[in-house]
Amino acid sequence: MATSSRAFGALRLLENSAHRTIACIPHFRSLISPINRRSLLQSTKPSPPTSSIPDFAFAFDIDGVLLRSHDPIPRAREALSLLQSECIPFILLTNGGGKPESERVAELEDKLKIPLDISMFIQSHTPFADLEEYKGKTILVLGGDEDRCRFVAEQYGFKSVVVPGDIFVQHSEIWPFSEHLLNHYKAFARPLPRPINAASPQDSLRIDAIFVYNDPRDWGLDATLVLDLLLSQKGILGTTSAMNGKTNLPNKGYQQDGQPKLYFSNPDLWWAAKYHLPRLGQGGFREALEGLWRAVTGGKGDVALGKEIIGKPYYKTYEYAEKRLISHRNYLFKGRDEMENVPLKRVYMVGDNPESDIRGGNSFKSPLRTDWNSILVRTGVHREGEPAWKPKVIVDDVHDAVQWALQQSKWPK
Ligand code: G3P
Ligand code: MG
């Protein structure tokens, strides 16, 4: 028993080091006795604590794989601890969000009782942090609890961030049906950088881009603001573009007048929450908005809603995730000479949602020629039947997913 408590003492030590993931220092592994390692490795036979660098890694979805709403899914901790003790790199890649990465990592560490680090953690909106062009502009951020997503955007470096509550508190007439929420919004609303002043548009609030960071809570207010902005002149709230409906113009003149660009961070129509049936996600809000857009642009469906969507299954998110995985892996094996001879060859994408995790893992053509293999678990959105996107394998839970992948990669070597 002494061995493992010393091992976990070392873990605590490492936890306090700057980088709070387990650095794959060979002697760390020697602190875990073969007995402990065997129990962690289950079916695979223990091997001497040589320090072979794995040419594979993992990307884990969160909701429906590691957590069910706030509760850890059984054996999730064992699966991740096994990889940490074997120095097999992994990242967490979720379409969730709504809080700063550091906060969610701390919550996950607390729930899963393993050390994690924001360098290995990607939320749906994390790639927005790279959109420098808007950091000096005024953006509207939707979704999440209260104004938490404003806080996230500010942490990414966006200087002027407005949330729907700010607009509603100052102009509640803009959406007459959320009066009952006025006090809720007053609790966190901030003064607007400019009032809505339709009489003098040049002095009126102008929004340069709209970001949906997380699942909107007040679909009515949020959809109204997005429509007002997409039908406006140059993103000036309270105005309407004279180009709208001009059939001689592209897209019938809609979104042709400097309106703000619209960004969604998560396409999930359904997600696995506490309820026994999947719940509508951010994709549900977008579909509803698409329906409204169709109605307000003539009802024929011949006017596109110009937007950019990231999140799984989209390429940009997988490209971003792979870069993160590579840099995390480089950190884990820092100073290991043999590292240059062991490029990352395979990534196992473990998810519960065929539409986002499996479709994304299957269709991602890595610029580094890494071979992404998708594994579908039955602890979330997908339960039974033939999934729309075919994974390499369907297993009961994340622990089985890891076991299957280790066998595929013939680990330990
Ligand atoms: O809102 C989060 C949900 O859409 C899915 O999250 O972790 O399963 O990608 P996740
Ligand atoms: Mg999921």
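Predicted model: local features only at pLDDT ≥ 70, side-chain atom pairs only at ≥ 80, totals over all residues.
Local features are taken at pLDDT of at least 70 and side-chain atom pairs only at pLDDT 80 or more, while totals for chains, interfaces and linings use all residues. Residues are numbered from 1 along each chain as its sequence is written, and side-chain values use heavy atoms, with hydrogens and water left out.

The magnesium ion (ligand 2) is coordinated by Asp61 (OD), Asp63 (O) and Asp352 (OD), at 2.0 to 2.1 Å, where donors are N, O and S atoms within 2.8 Å of the metal (3.2 Å for Na, K and Ca) and, since water is not among the atoms, sites may look incomplete. Along the sequence these donor residues follow the spacing D-x1-D-x288-D. Asp61 is buried, at a relative accessible area of 5%, and Asp63 is likewise buried, at 15%, buried being under 20% relative accessible area with a 1.4 Å probe and protein chains only.

Asp61, Asp63 and Asp352 also belong to the surroundings of ligand 1, which include Ile62, Asn95, Trp271 and Lys312; a residue counts here if one of its heavy atoms lies within 4 Å. By class, this shell has two nonpolar, four polar and six charged residues, with Asp, Glu, Lys and Arg counted as charged, Ala, Val, Leu, Ile, Met, Phe, Trp, Tyr, Cys and Pro as nonpolar, and the others, Gly among them, as polar.

Oxygen atoms of ligand 1 lie 2.8 Å from a backbone N or O atom of Asn95 and 2.8 Å from a side-chain N or O atom of Lys312. Taken alone, ligand 1 exposes 300 Å², of which the protein buries 96%, by the Shrake-Rupley method with a 1.4 Å probe.

Conventions. Chains lettered and ligands numbered in written order. Buried < 20%, exposed > 50% of the residue type's maximum accessible area, 1.4 Å probe, protein only. Polar contact = N/O pair within 3.5 Å; in protein donor to acceptor, adjacent residues only side chain to side chain.
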